[in-house]
Amino acid sequence: MAFPHTSSPQTAAPHIVWDWNGTLLHDIDAVIEATNASFAEIGMAGITLARYRDLYCVPVPLFYERLLGRAPSDEEWAVMDATFHRHYFARADSAGLTEGAERLLAEWVLAGRTQSVCSLAPHDRLGPWLTRLGIAEHFIRVDGHLGEGGKSGKAAQMARHLATLEGVSPERVVVIGDATDDAVAAAHAGAKAVLYTGGSHSRRSLERAGVPVVDTLAEAVAVAQEVVGRA
């Protein structure tokens, strides 16, 4: 999905690709509530945010396996997946942006730079979310997930996303996300990455990705500029 923009991409200019869930959208509380609702459906105890961040991984069934001590059955997975999404979407539609995100997005555009969104959030929901929060005009392109399934396959999606960005060279791109798969996807597409601790992963797990890890989006943008400046 391409959006109107006021600046033209330039090969030498830095470009940010933003993750959505847990990065621009502050939805971690909705995630924990929905996760615990899904656990309750199969008689599992709830989980704290700290434990969630320590154990979370993709593919999501492996995350459940870490908690259960075994792989969930097909029936358990179907129940948990359906319950999670029902509760999550009910809460995410009222979730707000991460602190400072709106200002950072606007300032990036005012500086003559470009940015886009690449997310495994459902594509048909992503556009309305950005419009509701008043930030859709800041992006030259927005791509969400077009098929079924959870947070997997982001590397291939990122490569497709960058291939659509006319005049944007991958080595001038920094992906900002909250999960290790954002770093993997960036490397797969020839881009760099900065990871933010406010989403699904703990700092300890993010640091294993071998890329810069920050605690605020303002830090992420500052580091992104430094990283691209060294390219």
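Author: Let's begin with charges: Lys and Arg count as positive and Asp and Glu as negative, while His and the chain ends are not counted. The place of a charge is taken as NZ of Lys, CZ of Arg, CG of Asp or CD of Glu. On that basis, the mean positions of the 20 positive and 28 negative charges of the chain are 4 Å apart.

Author: This is a predicted model, in which local features need pLDDT of at least 70 and side-chain atom pairs count only at pLDDT 80 or more, whereas totals for chains, interfaces and linings use all residues. Residues are numbered from 1 along each chain as its sequence is written, and side-chain values use heavy atoms, with hydrogens and water left out.

Reader: What makes up the chain in terms of helices and strands?

Author: The chain has ten helices and six strands.

Reader: What makes a residue a contact of threonine 35, and which residues are they?

Author: Contact means heavy atoms within 4.5 Å. Leaving aside neighbours within four places in sequence, threonine 35 is in contact with Ile47, Tyr52 and Phe84.

Reader: Are glycine 22 and threonine 23 buried or exposed, and why?

Author: Glycine 22 has a relative accessible area of 5%, so glycine 22 is buried. Threonine 23 is buried too, because its value is 0%. Glycine 22 lies in the loop between β1 (15-18) and α1, and threonine 23 is placed in the loop between β1 and α1. Not counting residues up to four places away, glycine 22 touches Asp27, Asp178, Tyr196, Gly198 and Gly199. With the neighbours within four places left aside, the contacts of threonine 23 include Trp18, Asp178 and Tyr196.

Reader: What makes a set of residues a nonpolar core?

Author: Its members are buried Ala, Val, Leu, Ile, Met, Phe, Trp, Tyr and Cys residues, joined through side-chain atoms within 4.5 Å. The largest such core here has 54 residues, and Trp18, Trp20, Phe63 and Tyr88 have the most contacts inside it. Helix α10 (residues 217-229) gives the largest share of this core, seven residues. A second, separate core of 18 residues includes Val173, Ala185, Ala189 and Ala193. In soluble globular proteins, nonpolar side chains tend to be buried together.

Reader: Where is proline 59, and which peptide bond is cis?

Author: Proline 59 sits in the loop between α2 (49-55) and α3 (60-68). The peptide bond from valine 58 to proline 59 is cis, with omega near 0°.

Definitions and conventions
Helix = DSSP H or I, 4+ residues; strand = E, 2+ residues; numbered from the N terminus. Buried < 20%, exposed > 50% of the residue type's maximum accessible area, 1.4 Å probe, protein only.
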